[in-house]
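Look through the structure first, then read the points by topic.

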Number of protein chains: 2
Amino acid sequence: MMISRSMQEQLAGNSTIRLMFAEGKEMAKKVGADHVYDFSIGNPNVPAPKEVNEAIKAVVDEVDSVYLHGYMANEGYPETRKAVADDLNRRYGTDYDESNIIMTTGAAGGLNIVLKTLLDEGDEVITFKPYFLEYKKYASNYGASLVPVATDSRTFLPDMEALRAAINERTRAVIINTPHNPTGVIYGEDTLKALAAVLEEESKRIGRPIVLISDEPYRELCYDGMSQPWVASFYKDTIVCYSFSKSLSLPGERIGYCVVPDELCEHEDIFACMGIANRTLGMLNAPGIMQKAIERCLDIDISENVRIYDNNRKLLYGILKDAGFKAVYPSGAFYIWIRTPEGYTDAEFCDICKKHYVLVVPGASFEGPGNMRAAYCVSEKTIRDSKPAWEAIAKEVGLR
Amino acid sequence: MMISRSMQEQLAGNSTIRLMFAEGKEMAKKVGADHVYDFSIGNPNVPAPKEVNEAIKAVVDEVDSVYLHGYMANEGYPETRKAVADDLNRRYGTDYDESNIIMTTGAAGGLNIVLKTLLDEGDEVITFKPYFLEYKKYASNYGASLVPVATDSRTFLPDMEALRAAINERTRAVIINTPHNPTGVIYGEDTLKALAAVLEEESKRIGRPIVLISDEPYRELCYDGMSQPWVASFYKDTIVCYSFSKSLSLPGERIGYCVVPDELCEHEDIFACMGIANRTLGMLNAPGIMQKAIERCLDIDISENVRIYDNNRKLLYGILKDAGFKAVYPSGAFYIWIRTPEGYTDAEFCDICKKHYVLVVPGASFEGPGNMRAAYCVSEKTIRDSKPAWEAIAKEVGLR
């Protein structure tokens, strides 16, 4: 066997989703793409705001080619980082500058450079169930384990006692994701205060700071007048990972950033190491064009995109509820977390959905069995057209 | 200490180059940027061909936004990979298609996903001295060691007996880099045949294939009518890592690819794992815009760029030789490997160069003590203007 042990594991675990892709394609061939209701992928269906494309073309025309396309500092262009800092200061009343910002290949790149910086073999990283399963791979990239901790079964907010019980001398970091994939839950002020209190106490107890890593690609996708509080203002040892993938519909362009606040313990060394890891893991940095384009796009009004997702949210939630399904009413992101009907395993339910050409991701893919994730970043037509299929599924599993 | 042990090492090792950057800036403040002769960095000074910028703007205008900026397959856009395969087939008479190509964030991204796929804790990767020092970090990212092997002291071509002696049961791969950074040497047919013969024999002896990883960002930068033979045609268990960073002056845009030939042992699993590693290491993939732009730029004529570097090469080599320095006459890439004058350590010689506002990288940064690297991807003016400085340095060290 030529492949490393860690990749053998990842290859085995990858087959479920690869199978789903293949099945989706087969279905589309059989019944036509219009009759397949694919809620499986978090790929924004709303195009990037036109200002982004205009900015890309403008930087190509206006910025010196050697500067635009050349190597920049490991942390990214200083003026881009300054613009990001200013934007955060304006939005959240913070006081950051370019020395607090590192440009990254999206939040996935950001999480990897943070974990590479913090983790040694045998260390532990806590997150809350259900969770984006790649966190496990990110932690294992650096020889560490992911420790998934329970949440309240109704609200899906962190169970603070379970968190406390999971922390030990090997705990280096806690990853939260808010607004949350796959449940659509937002961690509000009360949750963040309670979380900070536990982390402060436990850091004291174990004798070193536990870093809170806030993964925030859905930060702007909040509904019903809610908004995401600035996580780093609740707990000083916080690193924020952000991506423009969802807010500006740019997941393929690999552009995001990390925030390393001055308040973070040993922040200068951590910042320097994250820059080095950016280089030595092979990203080097977020692409130059996208850094310079984003610099001009930070104050784009994305309320129309949010409105579209909000509309999809209400529409799909309504269809599911009317059909008799139980689901968390999502406050943010673009997912609905649907309870698997009683008497069925996730696999059985998933198969019934497929029979009706509905593709959803089983909860096991988020270590949240008993549930399924439906992504509503699809066209309104797909959602409307899926109604009879959801009704037929509900009938088949005895909900109506 | 919050930082992982592996990053503590990288942080300590990083300071030399960071110091040099800082010193360069200080010098420029003191005597003016025009009077500092900075040969330290391999950042192309020739702008990207205008066709690249035109292609970027065209794809933004012409390609559907959701497709262009959205998630694509882990391996990259199929049609981009097909275009890359066709281009290689045209140039090298190979028979690749999209199933052999993975788009990556440059060669650094490519090397990381290959090593992540192949390496377990305790494995060994061989390369030849001197070498691009990041290889060591790439290998250590996956718990493996880099084993640097001697080259001929005159030609800097691999010492095949030393290679044979270094191979053992833990050897998983050999990295070569041709045209070579920092020596400018090209591995020709004879070298590649001899290398293949040793690897075939030794793979048989240790009972599993040793993968040859060919790092080729300088592939098109060959002079004096020479060209780089296609490495994978000499040895079947080869993976090629390529970057457009140097050929198209795009190092900041993070665009390149890996070639995984059908002849490679277990190539399907290796290909799949490299795709997964692309995602789980956080790159996800090369940026979408650059993939689609490159698809349109594969047959750009870059002979004018090569002519400029060639001109720089002759000019700097001539100045060095006239001043009395000994150096390898480079056949490719854009570096000259200068022998440190007798009676001086690299550090002493480097300090004397700095006194004359000449910045070169000491050989220790490539595990090649007794030499210095000068990058000639700078303006012709910088090279011309540096002549008196080189003469003064030569005088000071007793060469004239």
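The points below go from the whole chain to the pairing of copies, the sheet and one lysine.

This is a predicted model. Chain A has 14 helices and twelve strands. Its radius of gyration is 21 Å, close to the 21 Å that the globule rule gives for 400 residues, so chain A is as compact as a globular protein of that length. Chain B superposes on chain A with an RMSD of 0.0 Å.

**Overall build of chain A**

- The C-alpha atoms occupy a box of roughly 60 × 55 × 55 Å along the principal axes of chain A.
- Buried residues make up 53% of the 400 in chain A.
- Take the contacts in chain A between residues at least 6 apart in sequence: 73% of them join residues at least 24 apart.

**How the two copies relate**

- A rotation of 180° brings chain B onto chain A, with 0.0 Å of shift along the axis. This is the relation of a two-fold axis.
- Which residue of chain B comes closest to the rotation axis? B:Lys57 does, with its C-alpha at 2.8 Å.

**The contact between chains B and A**

- On chain B, 61 residues are in contact with 61 residues of chain A.
- Seven helices of chain B each give two or more residues to this side: α1 (5-31), α2 (50-62), α3 (65-69), α5 (106-118), α6 (134-141), α9 (267-280) and α10 (288-295).
- Which element gives the most to the side of chain B that touches chain A? It is α5(B), with eight residues.
- By class, the side of chain B that touches chain A holds 31 nonpolar, 20 polar and ten charged residues.

**The seven-stranded sheet of chain A**

- Seven strands of chain A form an open sheet with mixed pairing. Their order is β2-β8-β7-β6-β5-β3-β4.
- The edge strands are β2 (101-104) and β4 (145-149) of chain A. Each of these pairs on one side only.
- From one strand to the next, the twist averages 20°.
- Within the sheet, β6 (residues 211-215) and β7 (residues 238-243) of chain A pair in the parallel sense, over four bridges. A:Asp215 has A:Cys241, in β7(A), as its bridge partner.

**Helices on the sheet**

- Helix α4 (residues 78-92) of chain A packs on the sheet. It touches β2 and β8 (256-259) of chain A. The direction of α4 makes about 115° with that of β2(A).
- Helix α9 (residues 267-280) of chain A lies across β2 and β8 of chain A too. At what angle does α9 run to β2(A)? The angle is about 15°.
- In chain B, α9 (267-280) is among the elements on the side that touches chain A.

**A closer look at B:Lys82**

- B:Lys82 lies in helix α4 (residues 78-92) of chain B.
- Is B:Lys82 buried or partly exposed? It is partly exposed, because 16 other C-beta atoms lie within 10 Å, while a buried residue needs 20 or more.
- Leaving aside neighbours within four places in sequence, B:Lys82 is in contact with B:Asp97 and B:Glu98.
- B:Ser99 is 17 residues from B:Lys82 in sequence. In space, the two are 8.2 Å apart, C-alpha to C-alpha.

Methods: Residues numbered from 1 in each chain as written. Chains lettered and ligands numbered in written order. Predicted model: local features only at pLDDT ≥ 70, side-chain atom pairs only at ≥ 80, totals over all residues. Rg over C-alpha atoms; globule rule 2.2 N^0.38 Å. Buried ≥ 20, exposed ≤ 12 C-beta atoms within 10 Å, placed from the backbone. Contact = placed C-beta atoms within 7 Å. Least-squares fit on C-alpha atoms with pLDDT ≥ 70 in both. Nonpolar A, V, L, I, M, F, W, Y, C, P; charged D, E, K, R; others polar. Pairing = 2+ DSSP bridges. Axes fitted to C-alpha atoms, helices over the stretch in contact; angles between N-to-C directions.
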